[in-house]
Amino acid sequence: MNHKKIMLNCTRVNHQYMRLPVGKVAGLEAMTELYKRIASQSLTCAQAWVNDSPCPDHEPATDAFWGAIVAWADAFGLSMGVDQIEWGRVFVYPHNEFANYLRPGRPPEPLPTVNGSPANIILTLDALWTELVIKLTTKYGLLHHLKDKGALIEAQSLQGELQNPDSPTYKAFLESDLNFFRKLFKPLPFSEKTKKYITDWLKQAEEAL
Ligand SMILES: [Zn+2]
């Protein structure tokens with residue numbers, strides 16, 4: 001599985017199982033609509049990439065989404081404590097190349113490494129990632145995304161909820177993240193050792209549910 005096929009898989013999983021607890025948390029309606037658009041554009045662009053075609057039209061928020069995932073991926077691997085060389089090769093590198101295909105240029109700085117329980121790491125990085133998506137969306141396409149003001153406000157108001165383990169939103173996000181990560185990582189060409197490491201780590205995160 002080369003880096004382009006890896007990203008075709010990642011965009012497919014993202015399209016099928018969005019990293020949002022759809023229907024379980026109120027007040028995410030506009031954000032869900034925006035994420036659906038991003039997910040569908042991402043899949044179309046990844047398909048074109050696999051075929052070595054020029055990148056089809058997509059919105060600035062799609063660039064922001066994947067640019068922020070590159071920044072997230074780096075911090076997630078370090079925080080998880082997984083083999084860095086393998087994580088870099090199988091996960092970060094393909095994401096970086098895809099982000100660069102969507103929007104050529106330097107990716108944003110990696111997010112900070114997070115300490116604590118696996119659940120805390122997942123949700124804190126989720127909050128930081130969401131914040132970065134908003135920041136980059138307004139930076140890359142404020143005028144284009146004025147129509148998505150509602151989505152950006154919803155995303156902003158999530159920040160506090162994702163830091164509060166007692167909030168039902170926290171649990172709903174953790175559950176949908178775990179489901180998403182399992183589907184996302186499963187087909188990736190990690191070594192058996194790393195696969196087991198990731199599976200065990202996600203199992204620990206599940207204990208917080
Ligand atoms: Zn495109």
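Which spacing do the donors of the zinc ion follow along the chain? The spacing is C-x9-C-P-x1-H. The model described here is predicted.

## Overall fold

The protein has eight helices and zero strands. Read from the N terminus on, its elements run α-α-α-α-α-α-α-α. The radius of gyration is 16 Å, close to the 17 Å that the globule rule gives for 209 residues, so the protein is as compact as a globular protein of that length.

Along its principal axes, the C-alpha trace spans about 40 × 40 × 30 Å. Of the 209 residues, 53% count as buried.

## Zinc site

The zinc ion has protein donors from Cys 45, Cys 55, Pro 56 and His 58. Cys 45 and Cys 55 each give their SG atom, and His 58 gives ND1. Pro 56 takes part through its O atom. These donors lie 2.1 to 2.3 Å from the zinc ion.

Why is the arrangement around the zinc ion tetrahedral? The four donor atoms subtend angles of 97 to 117 degrees, and four donors count as tetrahedral if all angles lie between 85 and 135 degrees. For four tetrahedral donors, the ideal angle at a metal is 109.5 degrees.

Cys 55 counts as partly exposed because its relative accessibility is 25%. Pro 56, at 26% relative accessibility, counts as partly exposed too. The partly exposed class lies between buried, under 20%, and exposed, over 50%.

## Largest pocket

The largest pocket has a volume of about 160 Å³. Helix 7 (168–185) and helix 8 (192–206) are the elements that give two or more residues to its lining. Helix 8 gives the most, with four residues.

The residues that line this pocket are Phe 181, Arg 182, Phe 185, Lys 186, Phe 190, Lys 195, Ile 198, Thr 199 and Leu 202. By class, the lining has five nonpolar, one polar and three charged residues.

## A loop residue: Pro 104

Where is the place of Pro 104? Pro 104 is in the loop between helix 4 (84–102) and helix 5 (118–141). With a relative accessible area of 67%, Pro 104 is exposed, since the class of exposed residues begins over 50%.

Pro 104 can also be set against a residue elsewhere in the chain. Pro 104 and Asn 2 are 102 residues apart in sequence. In space, the distance between Pro 104 and Asn 2 is 20 Å, C-alpha to C-alpha.

Definitions and conventions:
Residues are numbered from 1 along each chain as its sequence is written. This is a predicted model: local features need pLDDT of at least 70, side-chain atom pairs count only at pLDDT 80 or more; totals for chains, interfaces and linings use all residues. Side-chain values use heavy atoms; hydrogens and water are left out. Donors are N, O and S atoms within 2.8 Å of the metal (3.2 Å for Na, K and Ca); water is not among the atoms, so sites may look incomplete. Four donors count as tetrahedral if all angles lie between 85 and 135 degrees; four count as square planar and six as octahedral if opposite donors are over 155 degrees apart and all others between 65 and 115; anything else is irregular. Buried means under 20% relative accessible area, exposed over 50%, partly exposed in between (1.4 Å probe, protein chains only). On a 1 Å grid over the protein atoms alone, a cavity is a set of points where a 1.4 Å probe fits but cannot get out, and a pocket is an open set with protein on both sides within 12 Å along at least five of seven lines; lining residues have an atom within 4 Å of a point. Grid points are joined across faces, edges and corners, and a volume is the space filled by probe spheres set on the points. Ala, Val, Leu, Ile, Met, Phe, Trp, Tyr, Cys and Pro count as nonpolar, Asp, Glu, Lys and Arg as charged, and the others, Gly among them, as polar. The radius of gyration is taken over C-alpha atoms; the globule rule is 2.2 Å times the number of residues to the power 0.38.
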